[in-house]
Amino acid sequence: MTRKDQLVSAQLMADYQKLYRTAYSYVRHEQDAMDIVQETAVRAIRSSDQLKDTTSLSAWLMRITVNLSLDWLRQRKRQWTRTEELDEQLPADGQQLPEEQLIRSAEKTGLMELLDQLEERERMVIVLRYFEEYKIGDIAVIMDENVNTTKSRLYRALDKLKVSYQQKLAEI
Amino acid sequence: MNHIFSDEIQREYKQITPPPQLEKLVRQAIRKALWEKRRKTLLAVGRYASVAAAAFLITLTTFANLSPQMAYALGEMAVIGPLAKAVTVREYQDQRNHAEAFLITPQLDPQAVDSLPPEGVEALNQAMEAYTAEMMGEYESLLSQWGEDPYVSVSSAYEIVTDSDTMFSIRVDHSLIMASSRNSCRIFHLDKETGKLLSLSDLFPADSNWEPVLRQEVIRQMEERNASEESDLYFPEQLTEITADQNFYWNEQGELVLVFSEYEVAAGVANMPEFVIPQEILTELKK
C-alpha cells in the first residue's frame with residue numbers, strides 16, 4: 001500500500017458518514033446512498049496515484065461522492081423518461097409517476113421539503129455550506145467550478161429558499 | 001456557523017445516519033480496490049521485469065520475503081536511485097472480524113548493496129524491523145484492550161525519499177484507524193560513507209543551538225499559516241521541543257523538511273504537517 005493509498009483509506013474511514021449524509025440528501029434512499037459511498041471508496045483508491053496534493057483529501061472524496069450522486073440522479077431521470085415513453089400513458093387517477101413515488105417514499109420532512117425546492121447543484125451547495133460546513137473555496141473545488149460561480153449559486157439558492165419561506169408564511 | 005436554518009432542520013440533517021454495516025462495507029470496498037490495484041501493478045511489473053512468478057507472489061504470506069520487484073511495486077518511489085531496487089519488503093497481515101493489520105517492513109538486501117558499510121545496512125534493517133514490531137505491539141495491545149471484536153485497522157507503507165551519493169533515506173508511514181484515524185511516520189537515514197544512522201541532531205555541530213532556532217522557525221511558519229487561512233489549524237503552543245530524533249528529509253531542492261505526526265502540532269485536517277527550513281537558517285546553523 002502506498003502512502004497515498006494509506007492517506008486516502010484513512011480519510012475515507014474518517015469521512016464515510018459525512019459522505020453518506022451528502023449522498024442521502026440527494027438520492028433519499030438508504031441502499032443507494034450506501035452504494036455511492038462504497039463506489040467513492042473504490043474510485044478514490046483506484047485513482048489515488050494521480051493525486052498531486054494530499055492536503056485537501058476530504059474535499060476530493062466529497063467531489064467523487066457529489067459526482068456519483070449527480071450521475072445517479074441523471075440515470076434515474078433517464079429511466080423515468082424511458083418508463084414514461086414505454087407506457088405512453090399517464091398514470092390513472094390517484095397513481096403516481098415513478099419520480100413522484102420515489103420522492104414520496106422518502107420521509108417528507110422539513111429538510112427534504114426544503115431541499116426539493118432547489119436545483120441539483122443549488123441543493124449541493126446548500127448542503128455542503130450549511131450542513132457539512134465546508135468553506136466556499138472547498139465547495140468550488142468539490143463542484144469543479146470557480147469560487148464566484150459557487151458564491152452566486154449559493155446566493156441564488158438562498159434567495160429561492162427565502163422566497164419559498166415567504167410563500168409558506170403567506171399560506172399560513 | 002449555521003444560523004440560516006432552524007435548529008430543527010439542522011438536527012434533522014445530522015440525524016441522517018448510515019446503517020451500521022456501512023463501516024464494514026467501506027472497509028471491504030477499500031480492501032477490494034487496494035487488492036485489485038496491487039494485482040494490476042504486480043502483473044505490470046512482472047511483465048516488465050520478466051518475473052514469471054509475479055502472479056504467484058500476489059498471495060500474501062506472513063513475513064515472507066518478497067522480491068525487489070514486488071517491493072518496488074509496493075513502495076512509492078519518490079526518488080529512484082541505485083538502492084531503490086535493493087529494497088525488499090516483508091509483510092505481516094492479520095485479519096480477525098473487524099480488526100486488520102497490513103504491515104510491511106522494508107529491508108535493504110545486504111548482498112545487493114555491497115558498496116555500503118554492512119554494519120550500517122544491518123542497523124538500518126534492524127531499526128525498520130523494530131518500528132514494525134512497535135506497530136504490531138500497539139495493534140496486539142489494542143486488540144486485547146478493547147475486548148473481543150474491536151474495529152481496528154493498522155497499515156504501513158514506505159517511500160524512498162533520498163538516494164544520493166552520500167545519503168539513503170527511507171520513510172515508513174504508519175496509519176492507525178480506530179473510530180478515527182491517526183497517521184504518523186518514521187524516516188530512517190543511512191549515511192552511505194560512515195554507515196551511521198543519522199538523526200536530526202547529527203546534522204549540526206555539537207555546540208550548535210539548532211533546537212531553539214528550528215523550533216522558532218517552525219512556530220513562525222505555523223503562525224503564518226494560521227494567519228493566511230480562515231481557521232487556526234496549527235497549534236504553536238504545542239510545540240515545546242524539537243527532539244534530536246525529529247522526523248526530517250531533504251526535498252528535491254535540497255532543503256531540510258521537518259515532518260510531524262498527525263495531531264502532534266495541528267488539527268487532524270492538516271494531516272502530517274511539513275515545514276521547509278530556509279537554506280539561510282541551515283547554513284547559519286552548520287557553521
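Residues are numbered from 1 along each chain as its sequence is written, and chains are lettered from A and ligands numbered from 1 in the order in which they are written. Because the model is predicted, local features need pLDDT of at least 70 and side-chain atom pairs count only at pLDDT 80 or more, while totals for chains, interfaces and linings use all residues.

**Chain B as a whole**

Begin by selecting chain B, which has seven helices and nine strands; helices (H or I, at least four residues) and strands (E, at least two) are DSSP runs, numbered from the N terminus. Of its 287 residues, 34% are buried, a residue being buried if 20 or more other C-beta atoms lie within 10 Å of its own, exposed if 12 or fewer, and partly exposed in between, with C-beta atoms placed from the backbone. Colour the chain by pLDDT, the predictor's confidence in each residue from 0 to 100: the average for chain B is 78, and 79% of the residues score at least 70.

**Where chain B touches chain A**

Now show both chains, for which the predictor gives the complex an ipTM of 0.76 and a pTM of 0.51. Here 37 residues of chain B are in contact with 37 residues of chain A, where contact means that the C-beta atoms of two residues, placed from the backbone, lie within 7 Å. On the chain B side, the elements that give two or more residues include helix H1 (7-14), helix H2 (21-48) and strand S4 (152-163), and H2(B) provides the largest share, ten residues.

**The largest nonpolar core**

Next select A:Leu12, A:Tyr20, A:Ala23, A:Val37, A:Ala41 and B:Val26, which touch the most other members of the largest nonpolar core, a set of 99 residues. Such a core is a set of buried Ala, Val, Leu, Ile, Met, Phe, Trp, Tyr and Cys residues joined through C-beta atoms within 7 Å. Helix H1 (residues 3-27) of chain A gives the most to this core, with twelve residues. Centre on A:Leu12 and, leaving out residues up to four places away in sequence, you will find that A:Leu12 touches A:Ala41, A:Ala44, A:Leu61, B:Val26 and B:Ile30.

**Helix H6 of chain B**

**A last stop at B:Lys196**

Finally, select B:Lys196, in the loop between S6 and H6 of chain B, which counts as partly exposed because it has 16 C-beta neighbours inside 10 Å. Leaving aside neighbours within four places in sequence, B:Lys196 is in contact with B:Gly120 and B:Asp191, and its C-alpha atom is separated by 8.2 Å from that of B:Glu119, 77 residues apart along the chain.
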